[in-house]
Amino acid sequence: MSKKLLVVVDYQNDFVDGALGFEKATKIAPYIISLVKKYEEEGEDVWFTKDTHFNNYLETQEGKNLPVPHCISQTKGHELYGELQSLSRNHTVIEKNTFPSLMLANLLKDTAYEEVRVVGVVTDICVISNAMILKAFFPDKPIIVDAACCAGSTPEGHKNALAVMKTCQIQIENEE
């Protein structure tokens, strides 16, 4: 069994260059793709999460607070960005309809990974939510967030999320 796990959080078209896309998200694409390929070459595991909504999105609590339809199932915006769409076919993909994924943590509970590395978007929403849930489930396992492979909704949001995670004993690497 693989000793390390890479979790790529919500690196989907709508968060990169679609409905909620932003420039910083496009800039980290080569780093994430390179990291996925490195994990593959080393025989390590890669899992992806996908923010997943449906046509009733605007009627949900999230939709009322963020009235921008995005990551609607079966749309281009829901797909993983660029080359990751094809790379993901060899890996676990977890769809989630809220910021953190309990399914991600539950699937990991019976595994023997020595560490879990988290990358993706948005640092101050879904990355922090998933990193915190993983830390809660696995308090003695290294949970690592690679800051160079994450993008926040704003530079301040990104920086603040990294600071909070660091305070909660999540290891932050490649901080700018």
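**Entry 1: the sheet**

I began with the strands and found six of them in an open sheet, ordered β3-β2-β1-β4-β5-β6, with parallel pairing. I noted that β3 and β6 (171-173) stand at the edges with a single partner strand each, so one side of each has no neighbour in the sheet. From one strand to the next, the twist averages 25 degrees. I record here that the model is a predicted one.

**Entry 2: pairings around β1 and β4**

I then looked up individual pairs. β1 and β2 are parallel and share five bridges; V9 stands opposite T49 in β2. On the sheet packs α3, which touches β1, β2, β4 and β5, and its direction makes about 150 degrees with that of β1. β1 also pairs with β4, in the parallel sense over six bridges, and there I found V8 opposite V119 of β4. β4 in turn pairs with β5, again in the parallel sense, over five bridges; in this pair G120 stands opposite C150 of β5. As background, I noted that strands of a sheet pair through backbone hydrogen bonds, either parallel or antiparallel.

**Entry 3: strand β4 and what follows**

Is β4 covered or open? I found it mostly covered, with seven of its seven residues buried. E115, R117, V119 and V121 point one way from the strand, while V116, V118 and G120 point the other way; all are buried. I traced the chain onward and found that β4, helix α7 (residues 123-137) and β5 make a right-handed β-α-β unit. Between β4 and α7 there is a loop, and V122 is found in it. I checked the peptide bond that joins V121 and V122: it is cis, with omega about -10 degrees.

**Entry 4: helix α3**

I compared the length of α3 with expectation. Its 13 residues (29-41), at 1.5 Å a residue, should span 18 Å, and the end C-alpha atoms are 18 Å apart, which agrees. Which residues of α3 are buried? I listed A29, I32, I33, L35, V36 and Y39. The buried residues of α3 pack against several elements, among them α2 (23-27), α5 (84-87) and β5 (143-151). After the helix comes G43, with a positive phi near 75 degrees.

**Entry 5: residue S101**

I located S101 in the loop between β3 (92-96) and α6 (102-108). Is S101 buried or exposed? Its relative accessibility is 2%, so I count S101 as buried, the limit being under 20%. Setting aside neighbours within four places in sequence, I found S101 in contact with I94, K96, N130 and I133.

**Entry 6: backbone exceptions**

Most residues other than glycine have a negative phi, and most peptide bonds are trans. Q74, which is not a glycine, has a positive phi of about 70 degrees; I placed Q74 in the loop between α4 (61-65) and α5. At 75% relative accessibility, Q74 counts as exposed. N174, also not a glycine, has a positive phi of about 55 degrees. I found N174 in the segment after β6, where N174 is partly exposed with a relative accessible area of 49%.

Definitions and conventions
Residues are numbered from 1 along each chain as its sequence is written. This is a predicted model: local features need pLDDT of at least 70, side-chain atom pairs count only at pLDDT 80 or more; totals for chains, interfaces and linings use all residues. Side-chain values use heavy atoms; hydrogens and water are left out. Helices (H or I, at least four residues) and strands (E, at least two) are DSSP runs, numbered from the N terminus. The expected span of a helix is 1.5 Å times one less than its number of residues. Buried means under 20% relative accessible area, exposed over 50%, partly exposed in between (1.4 Å probe, protein chains only). Contact means heavy atoms within 4.5 Å. Two strands pair if DSSP finds at least two bridges between them. A crossover is right-handed if, with the strands pointing away from the viewer, the path from the first strand over the helix to the second runs clockwise. Axes are lines fitted to C-alpha atoms, for helices over the stretch in contact, and angles run from 0 to 180 degrees between N-to-C directions.
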